[in-house]
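Please read the numbered points alongside the model.

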Amino acid sequence: MFYEQITEWQPRLTESNWASFRGADVERVLARETLRPQDLAVLLSPAALSYLEPMAKKAQALTIRNFGRTMGLFTPLYLANFCSNQCVYCSFHAGNKIVRCKLTVEQALKEGKAISSTGLQHLLLLTGESRTQSGPAYMEECVHALRPMFASLGLEVYPLSTEEYRRLYEAGIDSVTLFQETYDEITYAEVHPAGPKRNYHYRLEAPDRACEAGISAVNIGALLGLSDWRRDAFYSALHADYLQRTYPGVEVALSVPRLRPYAGSFHSSAAPVTDALFVQIILAYRLFLPRAGLTLSTRESPQMRENLLPLGITRMSAGALTSVGGYSDTANVGSAQFEIADERSVPEVVRMIRAKGYLPSFCDWVNMREKDAVGL
Ligand code: SF4
């Protein structure tokens, strides 16, 4: 299991080790065809910050070679925001007085129709962690209802058992997104003071369970800025590498969420991830994992998303809302999870992608388990 690699690397990921790398180490890594974990560490070190340009050139070339000039588009649909956890960085925190609600299956269908009318065919379904309000059976009902309207459905919810993932896969879920938030066990315990999410290991092993259940694609990542970003970025990429090697039939992707303002007052004591460091992380991910998808959400500003687009990103959310409901005229709009920085509509995002010389892709995967999916 991946935890063994975390403990193995832990003693080496120290401030003095990061600082020991020199420009010559970065140049040696840039000349290599295939990178090892020790090369990833070099690319995340302070020394690599002076090499963003050559890193970007190589990252762009690798991305075009492996993915072409295409950009996959998707949007999130929050089904419910009830949550029994108290993650200090999230507005859905059980102790926060926000408008809580849950879409009925009919409302979810209405939201799905509104999203589908924009042309988007990849939908990501989200809930907070509440087994009573949004348990696997409820998710299954929503998946059955939405399945015929979309080419693929992804799930970003709390960690499930292998059997639950299998049932949702059979219902029509293709991909699972699950962020470890931080790989640092001490910070993890601090920022998750109560609720089932306190179980670090159950969360860490969830992508393995999803892969074992037959899910076609997994998307992982750390919430950058929550803890020491270098260690979290290193472990995120190492985790993706472990999943690629262990489950060669599964498409593995990394997301790069950065902490965003929310309804509450949490300020991480960790060093913030500046724009330059954020670019460094994305480039290091791309060079270490040339065939992994890289997903960028609307947490980032329009300008940042435009600038990052050619550097290795392969999927973007568009026209996204982080509230429960709101795509259609459904009155059931619950509070949002975090503030969105890129509020552009789907056509606006499409125009931006085309202007950058890329082809926006509404559909790069079709789930053929349902013969009526997207009218096929
Ligand atoms: S991050 Fe997820 S589990 Fe934590 S409070 Fe927010 S919705 Fe709940």
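1. For residue classes, Ala, Val, Leu, Ile, Met, Phe, Trp, Tyr, Cys and Pro count as nonpolar, Asp, Glu, Lys and Arg as charged, and the others, Gly among them, as polar. On this basis, the lining of the second largest pocket comprises nine nonpolar, three polar and seven charged residues.

2. This is a predicted model, in which local features need pLDDT of at least 70, side-chain atom pairs count only at pLDDT 80 or more, and totals for chains, interfaces and linings use all residues. Residues are numbered from 1 along each chain as its sequence is written, and side-chain values use heavy atoms, with hydrogens and water left out.

3. The second largest pocket holds about 420 Å³ of space. On a 1 Å grid over the protein atoms alone, a pocket is an open set of points with protein on both sides within 12 Å along at least five of seven lines, and lining residues have an atom within 4 Å of a point. Of its 19 lining residues, E33, T34, F288, P290 and R291 lie nearest the centre. Two or more lining residues come from each of helix 3 (23-31), helix 5 (52-67), helix 12 (229-246) and helix 13 (275-288); helix 5 gives the most, with four. Helices are DSSP runs (H or I, at least four residues), numbered from the N terminus.

4. The search of the whole structure finds one cavity of 30 Å³ or more, a cavity being a set of points where a 1.4 Å probe fits but cannot get out. The largest cavity has a volume of about 30 Å³, and L178, F179, Q180, Y183, R203, L204, P207 and H239 line it.

5. The axes of helix 6 (residues 105-116) and helix 7 (residues 136-146) come within 9 Å and cross at roughly 40°. Helix 6 is therefore oblique to helix 7; angles under 35 degrees count as roughly parallel, over 145 as roughly antiparallel, 65 to 115 as roughly perpendicular and the rest as oblique. V105, A108, L109 and G112 of helix 6 contact E141, C142, A145 and L146 of helix 7, where contact means heavy atoms within 4.5 Å.

6. Helix 7 also packs with helix 8 (residues 162-171), their axes coming within 9 Å and crossing at roughly 15°. These two helices are therefore roughly parallel to each other. P136, M139, E140, V143 and H144 in helix 7 meet E164, R167, L168 and A171 in helix 8, a contact of five nonpolar, one polar and three charged residues.

Note on methods: Axes are lines fitted to C-alpha atoms, for helices over the stretch in contact, and angles run from 0 to 180 degrees between N-to-C directions. Grid points are joined across faces, edges and corners, and a volume is the space filled by probe spheres set on the points.
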